[in-house]
Amino acid sequence: MFESTGILKYFDNKLIVEVDQNIVDFYLSLIPKYLYVTRQRYAAHISVVRKEVPPNVEFWRKYEGERVSFLYDNIIHNGTVYFWLNVFSKRLEDIREELGLENKSIFQEPPDNWKRIFHITLGNIKNDLC
């Protein structure tokens, strides 16, 4: 795994970590062109809170601008639409817990010593522009 850092950014209804766009650009370049993967329309990021309402809203925006460390693997994962890299971060797990949010994923079981798998989306193969 590789280590990097990013900056926490809060919005009205989501929390992300802005990450180095070069990570996405590099791994996107490794996906064969014949798959016609379209880069996502948003800058490179990790979603920490999305489509959830934190029970402990008093902690919302508490860490705005904080630089956080994370680990990411170099295996490009894909489903029927998206391509992504798995991301792991104890700090992000702690922030979710402080907000009163679950760290369990219904999609993937994290490796030992981790509670949650985050991700960096590389692109998609949707028919329309995203």
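Tutor: A residue is buried under 20% relative accessible area, exposed over 50% and partly exposed in between, with a 1.4 Å probe and protein chains only. This is a predicted model, in which local features need pLDDT of at least 70 and side-chain atom pairs count only at pLDDT 80 or more, while totals for chains, interfaces and linings use all residues. Residues are numbered from 1 along each chain as its sequence is written, and side-chain values use heavy atoms, with hydrogens and water left out.

Student: What is the mean pLDDT of the protein chain, and what share of its residues reach 70 or more?

Tutor: The predictor's confidence in each residue is expressed as pLDDT, from 0 to 100. For the protein chain the mean is 90, and the share of residues that reach 70 or more is 89%.

Student: Which pattern does the protein chain follow along the sequence?

Tutor: Helices (H or I, at least four residues) and strands (E, at least two) are DSSP runs, numbered from the N terminus. The protein chain has two helices and eight strands. Read along the sequence, their pattern is β-β-α-β-β-β-β-β-α-β.

Student: In which strand is confidence lowest, and in which is it highest?

Tutor: The lowest mean, 92, belongs to residues 38–39, which form β3. At the other end stands a mean of 98, so that the lowest is in β3 and the highest in β1.

Student: Leaving aside neighbours within four places in sequence, with which residues is Leu92 in contact?

Tutor: Contact means heavy atoms within 4.5 Å. With neighbours within four places in sequence set aside, the partners of Leu92 are Leu8, Val17, Ile46, Val48, Val68 and Phe118.

Student: Is Ile120 buried or exposed?

Tutor: Ile120 lies in strand β8. Beyond four places in sequence, its contacts include Val24, Ile46, Phe70 and Trp84. Its relative accessibility is 0%, so Ile120 counts as buried.

Student: How does Arg96 count at 1% relative accessibility, buried or exposed?

Tutor: Arg96 is found in helix α2. Not counting residues up to four places away in sequence, Arg96 touches residues that include Glu52, Glu102, Asn103 and Phe118. Because 1% falls under the 20% limit, Arg96 counts as buried.

Student: How many aromatic pairs does a search of the whole structure find?

Tutor: Rings of Phe, Tyr and Trp (its six-membered ring) pair if their centres lie within 6.5 Å; planes under 30 degrees apart count as stacked, over 60 as edge-to-face and the rest as tilted. By this criterion, the number of pairs found in the whole structure is five.

Student: Of what kind is the pair of Tyr10 and Trp60, stacked or edge-to-face?

Tutor: The ring centres of Tyr10 and Trp60 are 5.0 Å apart and their planes stand at 85 degrees. Tyr10 is in strand β1 and Trp60 in the loop between β4 and β5, so the pair ties together parts that are 50 residues apart in sequence. Both residues are buried, Tyr10 with a relative accessible area of 5% and Trp60 with 18%. Given the angle of 85 degrees, the pair is edge-to-face.

Student: Over the face of which residue does Arg91 lie?

Tutor: A charge sits over a ring if NZ of Lys or CZ of Arg is within 6 Å of the ring centre and within 35 degrees of the ring normal. Lys14 lies over the face of Phe11, at 5.4 Å from the ring centre. For Arg91, at 4.3 Å from the ring centre, the residue is Tyr63.

Student: How does Arg61 count, buried or partly exposed?

Tutor: Most residues other than glycine have a negative phi. Arg61, in the loop between β4 and β5, has a positive phi near 70 degrees. Lys51, in the loop between β4 and β5, has a positive phi of about 55 degrees and is exposed, with a relative accessible area of 70%. At 40% relative accessibility, Arg61 counts as partly exposed.
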